Every structure is written in structure tokens, then in C-alpha cells.
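I opened my notebook to keep track of what I looked up in this model.

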Amino acid sequence: MQQPDKQIEGQAIKQKWSVQILPLGDAAVLVQFQFADNEDADIYQLVQAFATHIEQHPFPGMIEFVPAFTSVAIYYDPIMVKQVVNQQTNSTAYEIVVNKVNRMLAGHTSQLEQQSRLIEIPVCYGGEYGPDLEEVAKYHQITPEEVIRIHSSASYKVYMIGFAPGFPYLGGMSTEIATPRRASPRLQIPVGSVGIGGEQTGVYPIETPGGWQLIGRTPLALFRAKQNPPSYLRAGDTVRFRPITQQEYLEWGGEQS
């Protein structure tokens with residue numbers, strides 16, 4: 001296996017950062033970012049900014065890219081990458097891709113910024129839509145109303161989309177309502193269910209099994225199979241939850257359990 005490239009450094013998102021490019025199998029590379037002060041939020045912003053840039057400026061032979069918390073995986077076709085090189089070269093496809101990524105990073109360090117969208121998600125808390133709200137409140141020895149207040153007063157950052165189509169991994173939930181997952185996962189979680197799992201909160205965009213504590217449900221469709229992209233939320237968005245009544249939930253087009 002070829003050795004990872006040396007780290008290169010630049011100035012972006014107001015802080016010094018380093019990046020390491022690593023081989024990921026024989027047809028992909030992993031671009032791993034790190035800040036000197038290990039600020040996760042800033043790393044995340046840089047990852048999303050780079051992902052936006054490579055989406056807008058794909059290199060010949062690139063198949064797809066997958067952003068995560070602190071890295072971006074880039075998949076490519078080795079044969080196509082070699083074919084598009086005009087001059088004679090003994091470089092491998094991996095070395096060519098690394099060179100292209102290095103040029104992207106070196107040439108755009110001052111432009112790696114991304115504007116975050118603010119998305120408001122309406123949620124009907126408790127009752128048939130949030131069957132575990134009482135349990136979460138009991139676990140923390142507070143009232144259900146206090147759980148709702150804490151959950152809906154925070155701003156959340158979408159770090160990545162995964163697990164299930166359109167499922168957002170959100171950062172920023174208060175530890176005041178962090179609650180362990182259920183001992184027995186449910187076999188069927190209704191679409192739009194808002195849950196708490198440990199120190200994270202999230203929204204189930206499709207019907208799926210799951211073990212998170214369900215505290216509410218949104219009528220807003222987060223996964224839209226016929227649209228491009230199909231995920232309503234995207235990494236980099238800021239999310240806020242807004243409490244709504246059952247009547248408002250139904251008026252939004254939500255379905256009863």
C-alpha cells in the first residue's frame with residue numbers, strides 16, 4: 001500500500017488547519033481535516049466547504065464524494081483518471097488524484113467557506129406522536145414541558161446525512177435531556193418521528209426500526225425520493241425545532257398513528 005501524503009497546511013475558516021490525504025482501497029482517497037485546536041464545529045465547516053467545492057468542480061474520472069464529520073471520501077475510476085492525463089506519466093491513478101486534490105486545496109484555501117441554511121422543523125411533541133416524552137422527562141426528573149422547551153430552544157448543526165436516506169446527524173443538543181436509547185428497539189418507527197439517542201437528536205425520514213426515545217413527530221417530509229437531491233436537509237444546515245399543536249400537525253398534512 002502506498003504511504004499517505006505529507007500534510008499540507010492552509011488558512012481557512014479563521015483558523016490554521018491541516019489535511020492528510022490517505023488511500024481508501026484502490027479506487028478512493030480520504031481527505032482528512034484537522035484544526036490545531038480541535039474545534040469540531042470549524043472542522044465540520046471546512047469539510048462541508050471542501051465538499052461544496054469538489055461538487056462544483058469535479059475532476060475527470062471522479063465518481064462520487066461522501067462527506068463525514070472530519071473527512072471527505074472521494075471515489076474515482078482509476079482507468080478513466082489515467083486516460084484523461086494528456087502527457088506521458090508513470091504516475092498511478094492514486095498519485096494523479098492526490099495531485100489534483102492538493103491543487104484544489106492549495107488554490108482555494110481562502111474560498112473554503114459555505115453559507116448555512118436555517119431550516120425550521122415543526123414538531124408535535126408528546127401524545128401519540130411522542131410516546132417516550134414522559135419517560136425522558138421522568139429520567140431527568142423534569143416535566144415534559146421542560147423537555148420540549150430545552151429541545152426546541154437549541155440550534156442544531158447537520159453534521160452529515162446517513163444511516164437511512166435523509167437521516168440527519170445533528171449536533172448541539174443540550175446534555176440536560178440526553179437520554180439512553182431504549183432497552184428494546186422498536187421494529188417500526190413512523191416517518192417524521194423526532195427522537196433522542198444518548199446525546200444526539202434526530203428525525204426519522206422513513207419508516208425504519210430504531211431504538212431512540214421518541215418525543216415528537218414532524219409533518220415535514222425530509223426524504224423526497226423524486227427530487228434531486230432527495231434529502232431535504234443537507235450537511236451544513238442549521239436546524240431549529242418549533243412546537244406545534246396536533247391540529248397544526250394535521251393541517252400540515254401529517255398522518256395520525
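My entries follow, one topic at a time.

**Ground rules**

I am working with a predicted model, so I noted that local features need pLDDT of at least 70, that side-chain atom pairs count only at pLDDT 80 or more, and that totals for chains, interfaces and linings use all residues. Residues are numbered from 1 along each chain as its sequence is written, and side-chain values use heavy atoms, with hydrogens and water left out.

**Helix 4**

I began with helix 4, residues 133-140. Helices here are DSSP runs of H or I with at least four residues, strands are runs of E with at least two, and both are numbered from the N terminus. Which residues of helix 4 are buried? I found Leu133, Val136 and Ala137; buried means under 20% relative accessible area, exposed means over 50%, and partly exposed is in between, with a 1.4 Å probe and protein chains only. These three cover an arc of only 100° around the axis, which puts them on the same side of helix 4. The arc is taken from the directions from the helix axis to the C-beta atoms. An α-helix has 3.6 residues a turn, so residues three or four places apart point the same way. On the other side of helix 4 I saw Glu134 and Lys138, which are exposed.

Next I checked what the buried residues of helix 4 pack against: strand 6 (118-125), helix 5 (144-153), strand 10 (193-197) and strand 13.

I then picked out valine 136, in helix 4. Valine 136 is buried, with a relative accessible area of 0%. Not counting residues up to four places away in sequence, Val147, Ile177, Thr179, Ile196, Gln213 and Ile215 touch valine 136; contact means heavy atoms within 4.5 Å. For isoleucine 215, 79 residues apart from valine 136 along the chain, I noted a C-alpha separation of 8.0 Å.

**Just after helix 4**

Glutamine 141 follows helix 4 and lies in the loop between helix 4 and helix 5. Its phi is positive, about 55°, although glutamine 141 is not a glycine. I made a side note that most residues other than glycine have a negative phi. Is glutamine 141 buried or exposed? It is exposed, with a relative accessible area of 76%.

**Nonpolar cores**

The largest nonpolar core has 26 residues. Such a core is a set of buried Ala, Val, Leu, Ile, Met, Phe, Trp, Tyr and Cys residues joined through side-chain atoms within 4.5 Å. Ile121, Tyr125, Tyr156, Ile215, Leu233, Val239 and Phe241 touch the most other members. I listed the elements that give two or more residues to this core: strand 6, helix 4, helix 5, strand 7, strand 10 and strand 14. Strand 6 gives the most, with four residues.

I also looked at valine 239. Leaving aside neighbours within four places in sequence, valine 239 is in contact with Ile119, Ile121, Ala154, Ser155, Tyr156, Val158, Leu170 and Leu233.

**Aromatic pairs**

How many aromatic pairs are there? I count seven, where rings of Phe, Tyr and Trp (its six-membered ring) pair if their centres lie within 6.5 Å; planes under 30 degrees apart count as stacked, over 60 as edge-to-face and the rest as tilted. The rings of tyrosine 156 and phenylalanine 241 have centres 5.3 Å apart and planes at 65°, so this pair is edge-to-face. Tyrosine 156 is in strand 7 (residues 156-161) and phenylalanine 241 in strand 14 (residues 238-243), so the pair ties together parts 85 residues apart in sequence. Both residues are buried.

Phenylalanine 167 and tryptophan 212 have ring centres 5.6 Å apart and planes at 85°, so they too are edge-to-face. Phenylalanine 167 is buried at 1% relative accessible area, and tryptophan 212 is buried at 8%. Ring pairs link Phe167, Tyr169, Tyr204 and Trp212 into a cluster.

**A loop residue**

Last, I visited glutamate 199, in the loop between strand 10 and strand 11 (200-203). Glutamate 199 is exposed, with a relative accessible area of 58%. Not counting residues up to four places away in sequence, glutamate 199 touches Met173, Thr175 and Ala178.
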